[in-house]
Every structure is written in C-alpha cells, then in structure tokens.
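This report describes selected features of a single protein chain. Please consult the sequence and structure shown below while reading.

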Amino acid sequence: MVILVQFAIGLLFGLGLIVAGMSDPAKVLNFLDLAAIGSGGWDASLAFVMAGAIVVTFIGFKLVLRRRQPIFGEHFHLPTARDLDARIVAGPAIFGMGWGLAGFCPGPALTAALTGGAPAWLFLVAMFAGMAGARFLAARRTMPTPVRTTA
C-alpha cells in the first residue's frame, strides 16, 4: 500500500511539472536569464510555480505535523542538525550550477526523459554519476585508516 501511495504522489508531482511546463529546460533557462528582464524575454512563470509549491508545502507541513505520528510510519524523521558545513553549502551550489547550465533539476529531468528528450537523458546520466561519486567520497571519508603492523 505504501508503495502505491508513493507512486501516486510521484505521478501527481510529474503531472504538475508537465502542466506547469517545467519539464521544458528552455522555460527554466528563460527564468534564470536575468539579463532578459528589460527586453521582455524573461519568463517569470517558474517564480509562480515555486511560490505555489512553497504555499502548498507550508500548509502541508502544518497539517501533517499536528498528527501524533505519520500514517505509514512509527514516527516522523525530522532533521535535528542545525549547523552548516561544507557539504550543506557545496551541495546546493552544485545543484544550482547544474540547474542553471542544463535547465533541469531532478524531477523535471525525469519527466522530460519520459517524453524522449536526449538532453534530459544526458542530464540524468550525469546526475546519477554525480550521486554515485558523492556516495563513494562519503564512504571513503568514513572508512577507518588501515593500521600498519611491523612483523
């Protein structure tokens, strides 16, 4: 049952991206092109999509966190860390650079890949390679250093 609910939520999210036009990288890049504001080429629609998402998320969190526990879980898994480190700064910076260069973020890239866009597939391959690389580096950092013994 949980997997069906997650699938339905993902399907609704993808459908929302398609309806809003956010699976088109040109729409995203036209929003990020601040130099086009004066010339009429700037597309503000992404700002409205983001504002709508923020409102829905804010209301959703307020309603959900009133519950004693989640519907499909024992307890809520909320972040407890409050400090900033290099990973918290570098991750969003890399995400933003990729978004600005390609015009895709993960959700719209998955949506665009289903419609047959080669740039979306290239972005997804690069994204998954980056995720694998990040996991590899994180695992190397937490591995204990081998101890040398003299015989």
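The structure considered here is a predicted model. L11, a residue of helix 1, has a relative accessible area of 53% and is therefore exposed. Along the chain L11 and T111 are 100 residues apart, while their C-alpha atoms are separated by 9.6 Å.

Helix 1 comprises 19 residues, which should span 27 Å at 1.5 Å a residue; the 27 Å between its end C-alpha atoms agrees with this expectation. Just after helix 1 comes G21, whose phi is positive, at about 80 degrees.

Because its relative accessibility is 67%, M1 counts as exposed. A nonpolar patch on the surface is formed by M1 together with V2, I71 and F72. The accessible area of these residues together is about 450 Å².

## Helix 4 and the residues that follow

Helix 4 has 17 residues, and the distance from its first C-alpha to its last is 24 Å, close to the 24 Å expected at 1.5 Å a residue. Just after this helix, G103 adopts a positive phi of about 85 degrees.

P106 is located in helix 5. With a relative accessibility of 30%, P106 counts as partly exposed. P106 and G52 are separated by 54 residues in sequence, and their C-alpha atoms are 19 Å apart in space.

## Aromatic pairs

How many aromatic pairs does the model contain? The count comes to three, under a rule that requires ring centres to lie within 6.5 Å. One of the pairs consists of F95 and W99, with ring centres 6.3 Å apart and planes at 40 degrees, so this pair is tilted. Both residues lie in helix 4, which covers residues 86–102, and they are four residues apart, about one turn of the helix.

F104 and F123 are both buried.

## The largest nonpolar core

In soluble globular proteins, nonpolar side chains tend to be buried together. Which residues make up the largest nonpolar core of this model? The core has eight residues in all: F104, A109, A112, A113, A120, F123, L124 and M127. Helix 5 and helix 6 are the elements that give two or more residues to this core. Helix 6 provides its largest share, four residues.

Methods
Residues numbered from 1 in each chain as written. Predicted model: local features only at pLDDT ≥ 70, side-chain atom pairs only at ≥ 80, totals over all residues. Heavy atoms only, no water. Patch = residues over 30% accessible without salt bridge, like charges linked within 9 Å, V, L, I, M, F, W, Y side chains within 5 Å. Areas by Shrake-Rupley, 256 points an atom, 1.4 Å probe, with all protein chains shown as cover. Salt bridge = Lys/Arg side-chain N within 4 Å of Asp/Glu carboxyl O. Buried < 20%, exposed > 50% of the residue type's maximum accessible area, 1.4 Å probe, protein only. Phe/Tyr/Trp six-rings, centres within 6.5 Å; stacked < 30°, edge-to-face > 60°. Expected span 1.5 Å × (residues − 1). Core = buried A, V, L, I, M, F, W, Y, C linked by side-chain atoms within 4.5 Å.
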